[in-house]
Amino acid sequence: MVTKKKSKIPCLSLSSFLPALEAVTAAVTMPGGGAPPPGTPSSKPKEKQKSKVVVALYPFKAIESGDLSLEKGAEYEVVDDSQEHWWKVKDENGSVGYIPSNYVKEKETIGLQKYEWYVGEMSRQHAESLLKQEDKEGCFVVRNSSTKGMYTLSLYTKVIHPQTKHYHIKQKDTGEYYLSDKHCCASIPELINYHKHNSGGLCSRLKTTPCDRPPATAGLSHDKWEIDPNDLVLHEELGAGQFGVVRRGKLYGTRDAAVKMMKEGTMSEDDFIEEAKVMTKLQHDNLVQLYGVCSKRRPIYIVTEYMCNGSLFNYLRRTSPDQLGPAVLLDMCLQVCKGMAYLERHNYIHRDLAARNCLVGEANVVKVADFGLARYVLDDQYTSSGGTKFPIKWAPPEVLNYTRFSSKSDVWAFGVLMWEVFTCGKVPYGRMKNNDVVEMVQRGQVLERPKGCLIEIYNVMRACWRQSPDERPSFRALKEELSAMLRD
Ligand code: AMP
């Protein structure tokens with residue numbers, strides 16, 4: 001769960017400042033120094049601005065009036081991109097409507113992104129999990145290599161035993177690309193095409209790519225957060241938490257969702273509903289997306305992205321550290337860190353970061369959940385640091401002493417979360433009573449190094465547990481550090 005600092009989230013994209021910037025430039029460059037009076041015809045014929053054209057990376061089905069469907073690979077002219085998450089575009093038939101901006105890419109800069117095999121920034125561990133999950137001979141992706149500007153082919157084979165092989169795509173001085181130097185091609189798509197027909201030294205021919213799953217959209221439509229319960233079909237129970245039961249649901253008959261049915265009296269509902277409008281606009285690959293709320297009748301429902309492997313805590317408990325391996329565990333921490341760095345950038349404080357509040361999807365994807373909820377909880381036992389339900393074991397000294405939350409108190413909690421990950425779901429401080437934990441933390445004692453955890457990784461946890469919040473690293477710095485470790 002999360003709380004927000006006083007400043008509002010800056011939801012404006014750079015493009016929303018552009019008209020203002022253009023006006024300023026015009027004023028500055030006017031001959032004579034001043035801007036012409038309104039209505040004065042310009043002496044120069046105005047240059048027609050080149051329109052921005054985007055290509056759809058995923059299909060999108062318009063459901064709300066005012067939205068426009070996208071066909072994968074098709075081109076659209078951007079009419080209005082002043083909002084960050086929903087752009088107004090025109091299709092080839094002249095129909096205009098809103099589309100999710102993360103489903104398209106500018107044509108001029110699309111590069112390899114138009115190919116279904118290109119996955120961009122994806123860690124080696126994630127590529128392995130993804131291909132293992134597909135479990136198909138010759139399944140492959142091309143991803144950015146850890147060396148900037150280079151690419152890596154990750155290829156799954158079941159010959160002898162299931163494994164993923166990683167090949168650097170090399171480039172000659174002549175500019176040609178190759179995997180084995182006998183077969184050079186002028187471009188990466190040509191090289192991929194060649195190896196679709198010839199293994200040419202690889203462990204398999206390139207046969208197939210993992211299923212393309214469109215990302216979550218920021219809310220369900222442009223400026224929409226209220227969901228009609230008639231558009232939602234409820235299925236089995238997924239679990240139960242602080243606010244009540246969570247069930248799997250289907251939105252509009254197509255999209256999986258998780259539905260939190262808020263037990264009455266557990267939260268200040270009107271305040272939360274106001275906040276939900278802002279929260280639907282928080283969007284990151286490592287945050288569980290809030291789609292909207294059903295708030296017109298009681299109990300209210302909070303509708304979010306569905307994560308098929310449930311809470312990170314339970315996922316870790318079901319698995320042994322050896323099964324996942326240290327690189328996958330570190331990658332899971334990095335994913336949480338990336339989601340938290342996004343919240344930090346938007347001045348959002350989580351307040352209750354812990355493995356139980358993160359969720360796991362397919363191929364070991366981890367996302368941070370429940371941001372924003374803590375501020376609306378009505379239970380004193382949960383909100384006051386003396387309460388029995390307060391997450392004391394994840395709290396730094398300044399929270400225990402003065403209830404002073406900040407992104408740096410989230411960083412402390414992140415250190416504890418890393419410890420939970422590397423112990424595969426052990427309870428921090430074991431059976432120690434809350435009072436004893438508080439005393440221990442005040443004395444400056446910290447959790448011990450998990451068994452088998454590298455000293456470098458434990459040192460990152462220790463940096464998160466520095467007594468003074470100012471001395472702890474930011475999530476941004478942690479992200480850099482963990483990424484570098486994973487590369488090495
Ligand atoms: P919570 O109320 O957030 O503590 O959720 C209770 C339980 O419901 C969790 O431990 C999960 O097992 C399940 N759950 C909550 N949200 C989701 C979701 N978005 N997708 C899948 N399972 C969920």
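The following paragraphs lead through a predicted model, beginning at the ligand and moving on to side-chain pairs and backbone details.

The ligand is surrounded by 14 residues, and the closest of these are Ala258, Lys260, Glu305, Met307 and Asp370. Sorted by class, the shell around the ligand holds seven nonpolar, four polar and three charged residues. Three strands each contribute at least two residues to this shell, namely strand 13 (232-241), strand 15 (255-261) and strand 17 (301-305), and strand 13 gives the largest share, with four residues. The space that the ligand takes up is the second largest pocket of the model.

On the oxygen side, an oxygen atom of the ligand is 3.2 Å from an N or O atom in the side chain of aspartate 370. Taken alone, the ligand would expose 480 Å², of which the protein buries 86%.

A pair of aromatic rings is described by the distance of the centres and the angle of the planes. The count comes to eight aromatic pairs, including the one formed by phenylalanine 60 and tyrosine 103, which is edge-to-face, with 5.9 Å centre to centre and 80 degrees between the planes. This pair links distant parts of the chain, 43 residues apart: phenylalanine 60 is in the loop between strand 2 (53-56) and strand 3 (75-80), whereas tyrosine 103 is in the loop between strand 5 (96-100) and strand 6 (104-106).

Two features of the backbone complete the tour. The peptide bond leading from arginine 298 to proline 299 is cis, with omega near 0 degrees, and proline 299 lies in the loop between strand 16 (290-294) and strand 17, the latter being one of the strands that supply at least two residues of the ligand shell. Asparagine 347, in the loop between helix 7 (326-345) and strand 18 (348-349), has a phi near 55 degrees, which is a positive value in a residue other than glycine.

Definitions and conventions:
Residues are numbered from 1 along each chain as its sequence is written. This is a predicted model: local features need pLDDT of at least 70, side-chain atom pairs count only at pLDDT 80 or more; totals for chains, interfaces and linings use all residues. Side-chain values use heavy atoms; hydrogens and water are left out. A residue is near a molecule or strand if one of its heavy atoms lies within 4 Å of it. A polar contact is a pair of N or O atoms within 3.5 Å; within protein, one must be able to donate a hydrogen and the other to accept it, and residues adjacent in sequence count only if both atoms are side-chain atoms. Accessible areas come from the Shrake-Rupley method with a 1.4 Å probe; for residues, only the protein chains shown count as cover. On a 1 Å grid over the protein atoms alone, a cavity is a set of points where a 1.4 Å probe fits but cannot get out, and a pocket is an open set with protein on both sides within 12 Å along at least five of seven lines; lining residues have an atom within 4 Å of a point. A molecule sits in a cavity or pocket if more than half of its atoms lie within 2 Å of its grid points. Ala, Val, Leu, Ile, Met, Phe, Trp, Tyr, Cys and Pro count as nonpolar, Asp, Glu, Lys and Arg as charged, and the others, Gly among them, as polar. Rings of Phe, Tyr and Trp (its six-membered ring) pair if their centres lie within 6.5 Å; planes under 30 degrees apart count as stacked, over 60 as edge-to-face and the rest as tilted.
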